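Morning, everyone. Please have the sequence and the structure open while I talk.

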Amino acid sequence: MDIRYRIIVFIILIVTLVFLVRLFHLQVLDPSYGERAEKNALRSIVEHPARGLIYDRNDSLLVYNDAAYDLMVVPGEMRAFDTADLCRILNISQQELMKRIEKARKYSKQSPSLVAQQMSKSDYGYLQEKLYKFPGFFVQNRTLRHYPKPIAAHILGYVGEVDEKILEENNYYQLGDYIGISGIEKAYEQELRGTKGKRIVFVDVHSRVIGSYKNGEEDELSVQGQSLWSTLDGALQEYGEKLMHNKRGSIVAIEPATGEILCIVSMPTYDPNLLVGSARSKNYNALTQDLNRRPLFNRALQAMYPPGSTFKLASALIALEEEVITPRTIYSCGGGYNMGSHTVKCHPHAGNPDLIYAITTSCNTYFCRSFYNTLSNRKRYKNIQEAYQAWKDHINALGFGVKFDSDLPYETRGIIPSVEYFDKLHRKSWHANSIISMSIGQGEAAVTPIQMANFVAIIANKGFYYKPHVIKAIDTKDTPNDRYPEKVDCHFDKKHFDAILEGMEQAVLIGTGRIAQIPGIKVLGKTGTAQNPHGKDHSVFVSIAPKEDPKIVVFCLVENGGFGATVAAPIASLITEFYLNREVKRKDLEKRIISMSTL
């Protein structure tokens with residue numbers, strides 16, 4: 001037993017000695033392992049997916065991706081480096097560089113943070129050669145949005161770096177991530193952004209990747225964002241922006257049967273390529289400081305205008321629904337609507353109009369009288385407050401003074417004042433004539449171009465609409481966007497729209513909108529001249545075509561354009577002709593409009 005015990009102890013001692021000698025050799029005599037342990041470190045690199053592509057309704061690309069590179073820093077891995085050299089490469093000041101590093105350090109000392117975003121291939125190549133000089137810094141592959149044609153900037157939107165508020169509210173994002181800021185990029189951020197991946201790699205002291213960890217067993221692949229098919233007609237959008245060159249205003253064209261927006265122009269505009277890449281901040285500042293043109297302001301969704309005479313169509317519909325008038329009702333017009341010492345002047349026209357002729361000639365007197373009788377109907381409403389609330393309910397049902405809450409970010413509600421507003425303004429002592437200007441689209445009412453275009457779609461549909469929207473399919477062209485499938489009933493008797501449509505047809509045939517006629521196409525329309533206290537009046541026009549089976553409705557407003565027939569009606573007419581025929585034959589009219597400037 002004693003001999004066995006000694007033998008076992010001896011064997012254990014020998015084995016222990018062998019291990020000790022081997023460890024001594026590895027750790028003291030052989031420096032390679034120590035150097036490898038010191039130089040090699042694991043780094044988890046986020047694999048950012050490419051954002052989804054955006055197509056127009058005819059499969060033409062509106063937005064795609066290009067390669068770009070971000071310079072990242074892990075503050076905890078930083079060592080002393082030549083800041084002046086890095087600043088020269090990045091073309092920034094030392095103060096700005098230190099500011100970004102300090103921001104990264106506050107966010108996390110061990111997690112990567114953005115230092116310089118969206119570098120070009122040439123800048124990346126130059127930096128990569130010198131990266132060994134800057135410990136703790138590394139380059140991360142990203143994608144850059146690119147626009148093959150400089151159109152639809154306001155509705156496509158742009159992406160930018162997440163701010164602190166987003167980081168606090170959503171743990172998906174990290175410092176330096178990009179997110180949709182406006183337009184489609186914002187409305188469909190979750191679909192477009194995709195799913196992040198992860199790659200774990202070995203890096204040396206120079207932050208160079210020297211291999212994958214466990215042969216990539218723990219890596220996670222990124223998933224590209226879903227592509228979107230928009231309702232926009234890219235060619236029509238480009239043509240609309242061409243017609244609006246050197247003008248301030250907007251065009252909105254909608255397919256009435258679906259609510260799909262065919263084009264949505266806001267002018268002045270900008271090249272969306274300006275807001276990508278390393279020059280984005282500089283360009284953005286320049287655009288925001290252009291206070292005269294205000295190119296970033298989306299007039300189609302956010303600008304509020306007095307609707308002008310086009311609003312008379314809404315006044316007429318409500319008077320019909322309230323049974324105050326019929327299409328055959330005639331009001332005498334002696335050149336204006338008289339209210340004691342004040343007169344709302346009317347345009348010269350022959351005879352005393354019925355409803356259809358009033359629309360044809362845009363008779364102010366007719367719509368003032370029908371509005372007055374609507375709000376003074378004491379058989380149905382006991383006071384002005386009840387009558388006006390009923391009128392306002394009708395107006396709201398037609399899409400005015402409300403938001404559609406579709407896929408159009410930053411939409412403005414417009415202004416349709418409340419009963420309480422007028423009670424306060426007039427100290428509860430008011431009547432129909434106190435607000436008579438609203439009957440003809442002036443006074444306190446203010447609407448947005450998208451609301452007016454939708455209203456025209458309601459007329460074309462004889463009483464209903466689908467929320468105007470800009471995305472029709474997600475992921476594949478055959479996967480419909482189901483966000484807005486429901487038809488919205490405006491609760492007007494369908495028969496009332498016949499007289500409105502006939503009046504609009506006559507307005508183009510023999511009335512104020514004759515310039516909107518298109519050979520071979522029956523166009524229905526209504527001119528408007530919206531008063532502007534700051535200068536020349538705004539030119540307004542709405543149209544529906546073709547009469548038999550409406551495919552397109554258009555609203556056009558040109559600021560300081562004067563009468564509706566001067567510039568807005570020709571533009572809407574040319575837009576309609578281009579969309580329905582895919583060409584424009586009235587070249588003289590086209591040339592005149594394109595060369596016209598109202599700025």
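This is a predicted model: local features need pLDDT of at least 70, side-chain atom pairs count only at pLDDT 80 or more; totals for chains, interfaces and linings use all residues.

Start with the layout. The domain assignment gives domain 1 as 44-230. Domain 2 comes in two pieces, 234-281 and 300-595. Their centres, taken over C-alpha atoms, are 44 Å apart.

Now the interface. How many residues of domain 1 are in contact with domain 2? The count is 32, and they meet 37 residues of domain 2. About 3200 Å² is buried between the two domains. Carbon and sulfur atoms give 57% of that area. Look for three residues here: Arg57, Tyr188 and Trp229. Together they supply 23% of the area that domain 1 buries against domain 2, more than any other three residues.

Next, charges. Five salt bridges are found across this interface. Arg57 also forms a salt bridge with Glu260, side chain to side chain, at 3.1 Å from N to O.

Which elements build the domain 1 side? Several supply at least two residues each, among them strand 4 (113-119), strand 5 (137-146) and helix 8 (183-187). Helix 8 gives the largest share, four residues. By class, that side of domain 1 has 15 nonpolar, ten polar and seven charged residues.

Over to helix 3, residues 83-90. Which of its residues are buried? They are Asp85, Leu86, Cys87, Ile89 and Leu90. These buried residues pack against strands 3, 4 and 5, and against helices 4 and 5. Strands 4 and 5, then, also turn up on the side of domain 1 that touches domain 2.

Check both ends of helix 3. At the N-terminal end, Asp82 is the cap. One of its side-chain oxygens lies 3.1 Å from the backbone nitrogen of Ala84. After the helix comes Asn91, with a positive phi near 60 degrees.

Last stop, Cys368. This cysteine is in helix 15, residues 364-375. Is Cys368 buried or exposed? Its relative accessibility is 0%, so Cys368 counts as buried. What does it touch, leaving out residues up to four places away in sequence? The list is Tyr337, Val344, Ile436, Ser439 and Ile440. One more distance for Cys368: its C-alpha is 11 Å from that of Ala319, and the two residues are 49 apart along the chain.

That is my tour. Questions, please.

How values were computed
Residues are numbered from 1 along each chain as its sequence is written. Side-chain values use heavy atoms; hydrogens and water are left out. Domain bounds come from an automatic or database domain assignment. Contact means heavy atoms within 4.5 Å. Buried area is the accessible area (1.4 Å probe) that two parts lose on being put together, summed over both. A salt bridge is a side-chain nitrogen of Lys or Arg within 4 Å of a carboxyl oxygen of Asp or Glu. Ala, Val, Leu, Ile, Met, Phe, Trp, Tyr, Cys and Pro count as nonpolar, Asp, Glu, Lys and Arg as charged, and the others, Gly among them, as polar. Buried means under 20% relative accessible area, exposed over 50%, partly exposed in between (1.4 Å probe, protein chains only). A polar contact is a pair of N or O atoms within 3.5 Å; within protein, one must be able to donate a hydrogen and the other to accept it, and residues adjacent in sequence count only if both atoms are side-chain atoms.
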